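I opened this notebook to keep track of what I looked up, one entry per topic.

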Amino acid sequence: MGAQDKSIEALQEEMRLAKEELEIQRWGIAKTNEAIKTLYKELEKKNEELRNLSDLKSSFVYGLTHELRTPLAMIKEGLLQLSEGASDAPPLSQKQSRLFSIALENIDRLQRIINNMLDMAKLEAGKAELNTEEADLIALAHGTIAACKPMADKKGIELKERFSLAKIIIPVDKDKIVQVFTNLIGNALKFTAEGYVEIGIADKGAAVECYVADTGAGISKDDIGKVFGRFQQFKSAGSASYKGTGLGLSIVKDIITLHGGKIWVESEPDKGTKFTFTIPKAQAKR
Ligand SMILES: Nc1ncnc2c1ncn2[C@@H]1O[C@H](COP(=O)(O)OP(=O)(O)OP(=O)(O)O)[C@@H](O)[C@H]1O
Ligand SMILES: [Mg+2]
């Protein structure tokens, strides 16, 4: 055997070994693939379980809050009648009146929380169907602004309208859009001690763009990413008088998303906040 034959043999041996190595690697990859597939299936199963749990939670919250409404309304009615006093009863003392008004204020707050949670649960459970009809967005905004006027006057805050058109008719769920304006303007008034709140609506071709801007407390960089989350409330100046639930903005976002629109926020602490949302003129098919 010559030196050349030997090196050919050695090469052949090397190739055989390399082939074996490749075979082993291929086997390893096949096994890994199988393992990934199994993991993926398990993940799907877990996701499905989580979805079911989340649905269960939503319908539980929905059922519970729904059940709470009637007894609460009855307690309120009873307290109201007691606080007004019967014609044959002695007038209430100052302390009694104060206790009644504290109790009634807290019932109002509880009712607001329950209504917010009901809205949220409805939206989450997909129970919230859009009741879409052609409506004038300008008129809806104008009506909401008028309803917010007493609160603005009480705080000495001006409500400004910046509407680029006299009318913009698009398909929307009127009640839900009014809720969006109410929540956004309500927040703006709540977190603004002085200055103004400006509401704008403009035609942007395929969509209508609306904004609610204020000259209030603003939201810090740390918090701004969380504003649309559920039960999120941050330390803001001027918010002490009204305790909310931190659900308003998440409801707003759900409603805008249901309409196929987008919402975003810009804010600078101590300067003000601007919420902008869009609503497409043609509703996407669902
Ligand atoms: N215009 C605003 N200016 C400053 N901070 C705001 C403004 N809007 C919202 N925020 C901050 O975001 C938080 C969440 O707002 P959101 O409307 O969801 O809840 P809320 O107003 O506290 O309670 P709810 O709306 O349920 O009664 C507020 O608590 C506040 O800290
Ligand atoms: Mg709010």
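**Entry 1. The shell around ligand 1.** I sorted the residues of the shell around ligand 1 by type and got eight nonpolar, 11 polar and two charged. I note here that the model is a predicted one. Of the 21 residues around the ligand, the ones that come nearest are N187, K190, D214, Q233 and T245.

I then looked up polar atoms at the ligand's oxygens. A polar atom in the side chain of K190 is 2.6 Å from an oxygen atom of ligand 1. For N187, an N or O atom of the side chain lies 2.8 Å from an oxygen atom of the ligand. At L249 a polar atom of the backbone is 2.9 Å from a ligand oxygen. On its own, ligand 1 has 600 Å² of accessible area, and the protein covers 96% of that. Helix 4 (174–190), helix 6 (248–258) and strand 7 (272–280) are the elements that give two or more residues to the shell. Which element gives the most to the shell? I found helix 4, with three residues.

**Entry 2. Helix 4.** I checked the length of helix 4 next. Its 17 residues should span 24 Å at 1.5 Å a residue, and the end C-alpha atoms are 24 Å apart, so the two agree. I also looked at the N-terminal end of helix 4, which D173 caps: a side-chain oxygen of D173 lies 3.3 Å from the backbone nitrogen of D175.

How many of the 17 residues of helix 4 are buried? I noted 12, which makes the helix mostly covered. Among the buried residues are K176, I177, V180, F181, N187, L189 and K190.

I picked out L189, which is in helix 4. L189 has a relative accessible area of 0%, and therefore I wrote it down as buried. Leaving out residues up to four places away in sequence, L189 touches C148, M151, A152, K155, I157, L159 and V197. I also looked up the separation of L189 and L140: 49 residues in sequence, and 18 Å in space from C-alpha to C-alpha.

**Entry 3. T144 in helix 3.** T144 lies in helix 3 (residues 137–155). Is T144 buried or exposed? I have T144 as buried, because its relative accessibility is 5% and the cut-off for buried is under 20%. Apart from residues up to four places away in sequence, T144 touches V178, F181, T182 and I185.

**Entry 4. Helix 6.** For helix 6 I listed L249, S250, I251, V252, I255 and I256 as the buried residues. What covers the buried residues of helix 6? I found that the cover includes helix 2, helix 4, strand 6 (263–268) and strand 7. After helix 6 comes G260, with a positive phi near 85°.

**Entry 5. Helix 2.** Helix 2 (residues 94–124) has 31 residues, which should span 45 Å at 1.5 Å a residue; I found its end C-alpha atoms 45 Å apart, so this agrees. Its buried residues include F100, L104, I107, I113, I114 and L118.

**Entry 6. T273 in strand 7.** T273 lies in strand 7. I count T273 as buried because its relative accessibility is 6%. The side chains of T273 and S267 are joined by a polar contact of 3.0 Å. Beyond residues up to four places away in sequence, T273 touches V212, A213, D214, G218, I219, V265, E266 and S267.

**Entry 7. F163 in strand 2.** I found F163 in strand 2 (residues 158–163). With neighbours within four places in sequence left aside, F163 is in contact with I138, A141, I145, I199, G200 and I201. F163 and S7 are 156 residues apart in sequence, and their C-alpha atoms are 88 Å apart in space.

**Entry 8. Positive phi values.** F231 has a positive phi near 55°, and F231 sits in the loop between helix 5 (221–224) and helix 6. With a relative accessible area of 47%, F231 is partly exposed. D270 has a positive phi of about 70°, and D270 lies in the loop between strand 6 and strand 7. I recorded D270 as exposed because its relative accessible area is 71%.

Methods:
Residues numbered from 1 in each chain as written. Chains lettered and ligands numbered in written order. Predicted model: local features only at pLDDT ≥ 70, side-chain atom pairs only at ≥ 80, totals over all residues. Heavy atoms only, no water. Near = heavy atom within 4 Å. Polar contact = N/O pair within 3.5 Å; in protein donor to acceptor, adjacent residues only side chain to side chain. Areas by Shrake-Rupley, 256 points an atom, 1.4 Å probe, with all protein chains shown as cover. Helix = DSSP H or I, 4+ residues; strand = E, 2+ residues; numbered from the N terminus. Nonpolar A, V, L, I, M, F, W, Y, C, P; charged D, E, K, R; others polar. Expected span 1.5 Å × (residues − 1). Buried < 20%, exposed > 50% of the residue type's maximum accessible area, 1.4 Å probe, protein only. Contact = heavy atoms within 4.5 Å.
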